[in-house]
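Thank you all for coming; I would like to take a few minutes to walk through one structure with you. Please have a look at it first, and then we will go through it together.

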Amino acid sequence: MSTAEPPPLPPPDGPVRAEDRRACPATAVLHRLGDRWSVLLLSLLAERPYGYNELDRAVADLSRRMLTRCLRALEEEGYVSRTARGEAPYRVEYALTTLGRSLHEAVAHLAAAVGTAEALTPERAPAPGPRAA
């Protein structure tokens with residue numbers, strides 16, 4: 001059974017405008033992946049739910065302010081859920097949502113592909129053997 005190729009996208013009517021780029025659903029995902037800390041936090045949360053202080057201790061060089069901003073953005077975009085425990089000791093727990101898990105899986109596949117490609121770059125590739133004359 002062969003896999004059918006998706007149909008090609010129609011050519012744009014002109015150059016891609018900034019409004020087109022902002023309206024593209026992939027733009028938000030690419031911005032999130034380009035963020036310095038989001039992928040790292042997604043990877044940690046893929047292991048298990050974490051409390052705020054656990055995340056703070058788990059990531060070196062990440063300020064509490066930046067951790068809060070990043071977690072809020074991931075929550076607003078639906079990748080992370082935040083559960084506040086009202087009983088003492090008070091605790092906030094972060095976990096990946098279904099959407100967050102699917103994004104993490106996609107990033108893991110991308111990382112595996114990049115790792116394979118890096119292994120084949122000229123500076124890492126094995127030296128060629130003697131040429132046949």
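Leaving aside neighbours within four places in sequence, Leu 55 is in contact with Leu 41, Leu 44, Leu 45, Tyr 50, Leu 67, Leu 71 and Tyr 94, where contact means heavy atoms within 4.5 Å. This is a predicted model, in which local features need pLDDT of at least 70 and side-chain atom pairs count only at pLDDT 80 or more, while totals for chains, interfaces and linings use all residues. Residues are numbered from 1 along each chain as its sequence is written, and side-chain values use heavy atoms, with hydrogens and water left out.

Leu 55 and Leu 41 have the most contacts inside the largest nonpolar core, which has 20 residues; such a core is a set of buried Ala, Val, Leu, Ile, Met, Phe, Trp, Tyr and Cys residues joined through side-chain atoms within 4.5 Å, and buried means under 20% relative accessible area, exposed over 50% and partly exposed in between, with a 1.4 Å probe and protein chains only. At least two residues of this core come from each of α3 (38–47), α4 (52–58), α5 (64–76), β3 (91–96) and α6 (98–119), the helices (H or I, at least four residues) and strands (E, at least two) being DSSP runs numbered from the N terminus.

Turning to charged side chains, Asp 56 and Arg 64 form a salt bridge at 2.6 Å, N to O, the term meaning a side-chain nitrogen of Lys or Arg within 4 Å of a carboxyl oxygen of Asp or Glu. Glu 93 meets Arg 85 in another, at 3.3 Å, and also Arg 91, at 3.6 Å. Through shared partners, salt bridges link Arg 48, Glu 54, Arg 85, Arg 91 and Glu 93 into one network.
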